[in-house]
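This report goes through one structure, starting with the surroundings of its ligand and then turning to its sheets. Please keep the sequence and the 3D view at hand while reading.

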Amino acid sequence: MKKNIVVIGGGAAGMMAAIAASNENTNVELIEKNESLGRKLFITGKGRCNVTNASDIDVIFNNIISNPKFLYSAIYSFDNNMVMDFFEQNGLKLKVERGNRVFPDSDHSSDVIKTLKNALEDKNVKIHFKTVLKDLILENGSIKGIVTNKGKIKADAVIIATGGVSYPVTGSDGEGLNILKKHGHSIAKLRPGLVPINVGEEYIKDLQGLSLRNINISIYNKNNKLLYSEFGEMLFTHFGVSGPVILSASSVVGKHLNSEELSLVIDLKPALDEDKLDKRILREFEENKNKNFINAINGILPKKMIPVFVDYVGIDSYKKVNEISKEERKKIVNGLKNFKFTLKALRGYNEAIITQGGINVKEINPATLESKIIKNLYLAGEMIDVDALTGGYNLQIAWSTGWLAGLCAGDVNEY
Ligand SMILES: Cc1cc2nc3c(=O)[nH]c(=O)nc-3n(C[C@H](O)[C@H](O)[C@H](O)COP(=O)(O)OP(=O)(O)OC[C@H]3O[C@@H](n4cnc5c(N)ncnc54)[C@H](O)[C@@H]3O)c2cc1C
């Protein structure tokens, strides 16, 4: 007799789990609360879906922030090359871009979803839309089925992949986590991850919309200990800071911000040391020697930043540059190398690319992703306390955990 496997959540992890669980000995049903599959997948990578990352496996693990060791079995069972092979063998052409980020050749996330849908159809997975997991049916510590808004479904094994709590409009609203908590699982503190950050300085509003390239950011605690540093691009918003390097930094910032004050230091000229920068400023002043300070640094800073920077270094904006002293030049150099902001709070889940925290990894067998608390219940994807930086790594986690959970749940000898 075939075994019934029920997968909850038609996101990246759930779809991959259903595909992997489906074999000649299983009937697989996929439960999704939305009326379509992959609503979050659709908005990934600004609609292009950064499917995975083509770097070496040690780079993949280095980019996993929380509990990388827990993910060894999952990642090795379905690594980035296997993910790429899976999509290509199922007809989706891929391309590799800057930073080894992998995208569909068409630049459409909808093609990734279409490929998964076709694979689910080929495997005869039955999909229930607008069906919401409400509870689990347990007997002697083992799962026997689920309760949904439409009734009960019997199961020999269940895989839960209902995601975290970020971008809840896509469906991931934390209900799955609450149900697991009710049945004995503990949840590592949830936090928005890969998220913009509020800063304390009022003048941030004057910088709104300005994006900076080729800058270096550093995050320090109040004892001046360096917590994070990265080179790249960032963006000022009406409340604070965003853009690639800030989103990555937020994963580290979130872990410290509740307990200590943090500062963001921007090196606006990372290619020049202080000496070279001073010479560069002198050259600029020489070319503009009869101009006021505020009109003499157009070649050094973006226009929008100049009035804010002039205030920041505390030099009279109408001072002629040929009157600026060596001491004042030092202040300018220091401002360019260490433009500082106070980090106040992470933005909320509505703006967070991922959720940090989730089901405690100590309660999940890393070799099978079976719950150690409820037999024949498997967990996959962002709902587990694992997360990574940007670059395709979070979807890699979803594919790998979905695949391993599906394979193990579909292994009928287990029952
Ligand atoms: C704007 C944005 C851009 C991103 N871009 C990238 C990127 O380019 N590359 C990358 O690697 N990562 C990216 N991510 C992160 C990545 O999308 C997630 O890590 C990944 O989708 C997690 O997959 P998941 O299957 O675990 O959860 P989800 O994709 O959230 O899927 C969970 C599914 O479960 C369903 N569900 C929830 N509760 C219930 C319930 N009670 N009953 C039934 N169904 C339920 C939901 O409707 C949803 O369909 C991005 C995220 C966002 C928000």
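Helix H13 gives the most to the shell around the ligand, with four residues. Helices here (H or I, at least four residues) and strands (E, at least two) are DSSP runs, numbered from the N terminus. The structure is a predicted model, in which local features need pLDDT of at least 70 and side-chain atom pairs count only at pLDDT 80 or more, while totals for chains, interfaces and linings use all residues. Residues are numbered from 1 along each chain as its sequence is written, and side-chain values use heavy atoms, with hydrogens and water left out.

**The ligand**

There are 34 residues around the ligand, and Ala13, Glu32, Leu133, Glu382 and Leu395 come nearest. A residue is near a molecule or strand if one of its heavy atoms lies within 4 Å of it. By class, the shell holds 13 nonpolar, 16 polar and five charged residues. Ala, Val, Leu, Ile, Met, Phe, Trp, Tyr, Cys and Pro count as nonpolar, Asp, Glu, Lys and Arg as charged, and the others, Gly among them, as polar.

Polar contacts are pairs of N or O atoms within 3.5 Å; within protein, one must be able to donate a hydrogen and the other to accept it, and residues adjacent in sequence count only if both atoms are side-chain atoms.

| Residue | Distance to a ligand oxygen atom |
|---|---|
| Ala13 | 2.9 Å |
| Gly392 | 3.4 Å |
| Leu395 | 2.7 Å |

The protein covers 95% of the 1,000 Å² of accessible area that the ligand has on its own. Accessible areas come from the Shrake-Rupley method with a 1.4 Å probe, and for residues only the protein chains shown count as cover. Helix H1 (12-21), helix H2 (39-43) and helix H13 (393-409) are the elements that give two or more residues to the shell.

**Lys40**

Helix H2 contains Lys40. Leaving out residues up to four places away in sequence, Lys40 touches Ser166, Tyr167, Thr170, Ser172 and Glu382, where contact means heavy atoms within 4.5 Å. A polar atom of the Lys40 side chain lies 3.1 Å from the backbone oxygen of Ser166. Between the C-alpha atoms of Lys40 and Ile153, which are 113 residues apart along the chain, the separation is 26 Å.

**Strands and sheets**

Two strands pair if DSSP finds at least two bridges between them. Ile153 is the bridge partner of Ile146 in E10. Strand E9 (residues 142-148) and strand E10 (residues 151-154) run antiparallel and are joined by four bridges, with a hairpin of two residues leading from E9 to E10.

An open sheet has five strands in the order E7-E2-E1-E11-E20, with parallel pairing. Strand E7 (126-128) and strand E20 (377-379) are at the edges with a single partner strand each, so one side of each has no neighbour in the sheet. The twist averages 20° from one strand to the next. Three bridges link strand E11 (residues 157-160) to E20, and Ile160 has Leu379 of E20 as its bridge partner.

Six strands make a closed barrel, E13-E16-E15-E14-E17-E18, with antiparallel pairing. Its neighbouring strands are turned by 45° against each other on average, direction ignored. Axes are lines fitted to C-alpha atoms, for helices over the stretch in contact, and angles run from 0 to 180 degrees between N-to-C directions. Two bridges join strand E15 (residues 226-236) to strand E16 (residues 240-242), and Phe236 has Val241 in E16 as its bridge partner. Helix H9 (residues 244-256) lies across strands including E13 (197-199) and E14 (211-221), and runs at about 140° to E15.
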